[in-house]
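Reader: I would like to go through the pockets and then the ring contacts. Could you begin with the residue classes?

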Amino acid sequence: MTKLKTLVGACTVALATLGSITAAHAATWRYAFEEAITDVQGVYASKFKEHIEANSDHNIQLFPYGTLGESADTMEQAQAGLLQFVDQSPGFTGSLIPEAQVFFIPYLLPETQEALDSFFRNSKAINEDFKSIYAQHGLELLKMFPEGEVVITTQKAFEAPAGLDGVKVRVMTNPLLVESYKAFGATPTPLPWGEVYGGLQTNIIQGQENPLFWVESAKMYEVTDVITFTGHNNFTTAVMANKRFFDGLPAEDQALIQEAMDVAFDHIMEYQRGLSERSLEKILEQKPGMQIVRLTEEQRAPFRAAAADVEAKYIEMTGDSGKALLQQFKQDLEAATAE
């Protein structure tokens with residue numbers, strides 16, 4: 001009986017110790033993104049959080065846009081390790097990682113949902129080449145995904161580059177995006193996002209670009225009168241982890257994070273089906289007089305022609321590394337659109 005009590009006691013101590021070790025491994029991870037919790041990045045982050053918390057003792061603390069400052073602030077916090085995860089468009093990381101500006105070469109990405117899905121899942125440039133580039137800046141690139149076709153909202157309609165002459169269009173602080181709007185005939189005006197609504201309201205700027213869901217969510221339709229579909233781009237974003245944090249995790253946690261990223265990717269691609277159409281319906285409900293312009297292929301031709309100049313600028317900015325990445329990018333795009 002004494003031996004049995006001793007054995008039971010030892011097992012109890014062992015289980016208690018195991019429990020404390022397990023608890024010690026549980027952590028709260030901080031994840032910031034550039035949109036509201038109900039927008040595309042927020043939906044993606046919420047799905048990631050759901051999967052992590054359902055399959056581990058870890059907790060994910062989400063920080064929507066504005067809660068930790070502007071995009072530059074959250075990137076600094078991620079690099080410093082104050083954030084474990086950050087979702088940020090290559091538009092904002094373009095100054096830090098010039099090669100990431102490839103996403104802002106107009107008319108490069110495919111327009112169909114199926115081709116976009118295939119490209120982002122299978123692209124060597126995205127899933128291998130970019131990972132090594134981001135790693136040089138202390139970031140573990142976990143996933144890139146598209147958020148929707150970019151439209152341009154303005155005060156007046158335009159159908160050709162000449163129609164944008166003298167029009168100040170807000171752009172992210174991204175050198176290649178500036179070059180794109182110069183090539184389109186506009187006057188690109190970098191502004192922090194928090195100043196855009198007021199800038200449009202007071203005519204400091206007369207236009208901006210974003211996916212339709214964001215035009216609706218951020219109420220850009222209240223301070224512009226025309227939505228133009230130029231077909232020039234699809235907004236892309238990237239989820240990253242602080243590399244020191246990620247590399248220090250056990251293999252099972254690294255695998256769980258990647259699994260959660262894949263689950264969230266599947267979810268967000270499905271979520272986006274019809275999202276632009278639903279957003280446009282909501283905009284027109286709120287502002288029936290909003291003018292919708294869809295440029296024909298003939299009208300898009302001069303904008304497409306301008307893309308060649310932007311591509312040349314990209315290579316000039318990024319050198320051999322950018323040129324090699326662009327070549328791989330195009331190969332991956334060809335494979336995605338051939339399926």
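Author: Ala, Val, Leu, Ile, Met, Phe, Trp, Tyr, Cys and Pro count as nonpolar, Asp, Glu, Lys and Arg as charged, and the others, Gly among them, as polar. The model is predicted, with local features needing pLDDT of at least 70 and side-chain atom pairs pLDDT 80 or more, while totals for chains, interfaces and linings use all residues. Residues are numbered from 1 along each chain, and side-chain values use heavy atoms, without hydrogens or water.

Reader: How does the lining of the second largest pocket divide by class?

Author: That lining has 7 nonpolar, 5 polar and 2 charged residues. A pocket here is an open set of points on a 1 Å grid where a 1.4 Å probe fits, with protein on both sides within 12 Å along at least five of seven lines; lining residues have an atom within 4 Å of a point.

Reader: What is its volume, and which element gives the most to the lining?

Author: The volume of the second largest pocket is about 230 Å³, taken as the space filled by probe spheres set on the points. Closest to its centre, of 14 lining residues, are Ser71, Ala72, Gln88, Phe92 and Thr173. Helix 3 gives the most, with 4 residues; helices are DSSP runs of H or I with at least four residues, strands runs of E with at least two.

Reader: And the largest pocket: which residues are closest to its centre?

Author: The largest pocket holds about 480 Å³ of space. Among its 26 lining residues, Glu111, Glu149, Asn234, Ser276 and Glu277 are the closest to the centre. Helix 5 (113-122), strand 4 (139-154) and helix 12 (275-286) each give two or more residues to that lining. By class, the lining comprises 10 nonpolar, 9 polar and 7 charged residues.

Reader: Changing topic: how many aromatic pairs does the structure hold?

Author: There are 19 aromatic pairs, meaning rings of Phe, Tyr or Trp (its six-membered ring) with centres within 6.5 Å; planes under 30 degrees apart are stacked, over 60 edge-to-face, and the rest tilted. Phe119 and Phe120 are edge-to-face because their ring centres are 5.3 Å apart and their planes stand at 80°. Phe119 also pairs edge-to-face with Phe329, at 5.0 Å centre to centre and 70° between the planes.

Reader: Are Phe119 and Phe329 buried or exposed?

Author: Both Phe119 and Phe329 are buried, that is, under 20% relative accessible area with a 1.4 Å probe and protein chains only.

Key
Buried < 20%, exposed > 50% of the residue type's maximum accessible area, 1.4 Å probe, protein only.
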